[in-house]
Amino acid sequence: MSKLGIVMLVHSALHRVEQVARHWATAGCPVVIHVDQKVSDKAYSDLATSCADTPLIRFSERHTCQWGGWSIVAASQSAAELMLDAFPDVHHVYLSSGACLPLRPVSELVDYLAERPRVDFIESATTADVSWTIGGLDQERFTLRFPFSWRKHRKLFDLYVRLQRALGMRRRIPKGLVPHMGSQWWCLTRQTLSAILQDPKRKVYDRYFRRVWIPDESYFQTLARLYSIQIESRSLTLSKFDYQGRPHIFYDDHLQLLRRSDCFVARKVWRDADRLYQSFLADQAGTMKPAEPNPGKIDRVFSKAVERRTRGRDGLYMQSRFPRHGSENGLTCFPYSVFQGFAELFEDFEPWLTETTGGRVHGHLFAPSRAEFSGGETIINGALSDCAKLRDYNPTAFLSNLVWNTRGERQCFQFGPRDTQKINWFLARDKNAQVSVITGAWAIPLFRSNLNFSDIRNEAARLQQIETKQLEVLNSVWTKARVRTWSLAEFVETPMEPLQAVVGEIGIQNQSHLTQTPTMVDLSGFGQFLQNLKNQGMHPYMMGDFPSDDVFGKQVRPYPKPYLVR
């Protein structure tokens, strides 16, 4: 019967290392452990002494391992050489780490390899075929030099890479080598592994890969292509990575997930996952049916986790996505409506809209003094305060949180040029926003005010300038919101049709068509008011072509009471 040898590269959690090593040895698999030189001599000595009673456990020459450096390959070479020399009956050598945990009975893995005596299980793909490198280098890792640590000396690392690119410096790849990349965790036959370690050109290859970036993902992956009779380009170790290229860590609540994978070994298991270690290192005979390892069974779960972490849910801002512009998965989570000029044109518009649509209708949420929540509330769902200072610290988050915390209930609020304008681009970009604007309606409160006319003229000029800029935003090519605009004159002439269109998008309770409009304010004399503004040098163009006062007065006088549709 062929034997399986286990090489373990460890640097922490030595109590787990001993536990897993004994599990392999108990099943008849010799184990060679490489302990990082950074581990204290006492901790190393304690582990070696504790394992001395098991002849199948050996310890190899120690190296100081650095991430992305040659030392990890050197550690793998030393341990593999000891394995081949000390245990001549070993047929396959399985490289693992101290955070690897067997998921199935060892005998099943041994039988699986015995049925495939000449197959090398090592992920090995050319740089052109690799799509999983994240935030790193592809072909350049083989043609540039990397004498500086990416983690310890990041600035020197980046500077030297830029210098080599600028000078056109390129390394010569040894003749006959085609660089391949793949997972560090392989399982090679004695024939292939010994050929790599005893190659007459090993010094040449070692010298070259010593300056390759992250050589543990390319050294054996490249050289195996020279000697292997049959390569199956996959790892027998279940190892998942997130969108940043960092390995997922398995915890106790991943027990059933790991069982569904049917994989032989999993990495990376949390050192304190007692339930996982107790479950998988116990006698597992009969607990799992023999099956081909299929990590694809759980890929959907990991894909969903990555999507949830990177994109989140519509309108829910989280640490990994906010406040980075453009990282939102939907600015808000539910449709809402914005009314501009309606409350100025109609009396008691908010109560009418509440009764008509059944939604929650607020006042001016972005008024300078406070957020005018419906019913005069000072605190709303999600503990959102009406405090203007808190709201204006981050107005986009304020609106997103309001919609999120009231999701399922249609939110409507008033807006205008007197309000805080920082929210305009957010409204324009939000596909859930329904924005209805009666341009120039801001002049009605000025018309009905008791201010000096010079003050009215100045305020009218200011508000008209603000609304003009706002409309440029709402009509930009980047707008995703549903935007409707009418001039004040156009809306007053036929109010029923636009009201029906706007309210129809919200959804009307218990009726399919409007039967009446809200009461319109008395606009008698408004036309002359606009003419007076013109006479004073201010041109009010946002209202549209308003009729003369006499004609207009005749038009508006029938409207003080609700307009009924027969």
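Buried means under 20% relative accessible area, exposed means over 50%, and partly exposed is anything in between (1.4 Å probe, protein chains only). With that in hand, Asp-41 is exposed, at a relative accessible area of 56%.

A word on what you're looking at. This is a predicted model, where local features need pLDDT of at least 70 and side-chain atom pairs count only at pLDDT 80 or more, while totals for chains, interfaces and linings use all residues. Residues are numbered from 1 along each chain as its sequence is written, and side-chain values use heavy atoms, leaving out hydrogens and water.

Now for the salt bridges, meaning a side-chain nitrogen of Lys or Arg within 4 Å of a carboxyl oxygen of Asp or Glu. Searching the whole structure turns up 21 of them. Here are some, with their N to O distances:

| Pair | Closest N and O atoms |
|---|---|
| Arg-62 and Asp-41 | 3.6 Å |
| Asp-158 and Arg-154 | 3.2 Å |

Take Arg-62 and Asp-41, whose salt bridge is in the table. This pair links distant parts of the chain, 21 residues apart: Arg-62 sits in the loop between strand 3 (57-59) and helix 3 (71-86), and Asp-41 in helix 2 (residues 41-50). Helices (H or I, at least four residues) and strands (E, at least two) are DSSP runs, numbered from the N terminus. Arg-62 is buried, with 14% relative accessible area.

Asp-158 and Arg-154 share helix 6 (residues 154-167), four residues apart, or about one turn of the helix. Asp-158 is partly exposed at 25% relative accessibility, and Arg-154 is partly exposed at 39%.
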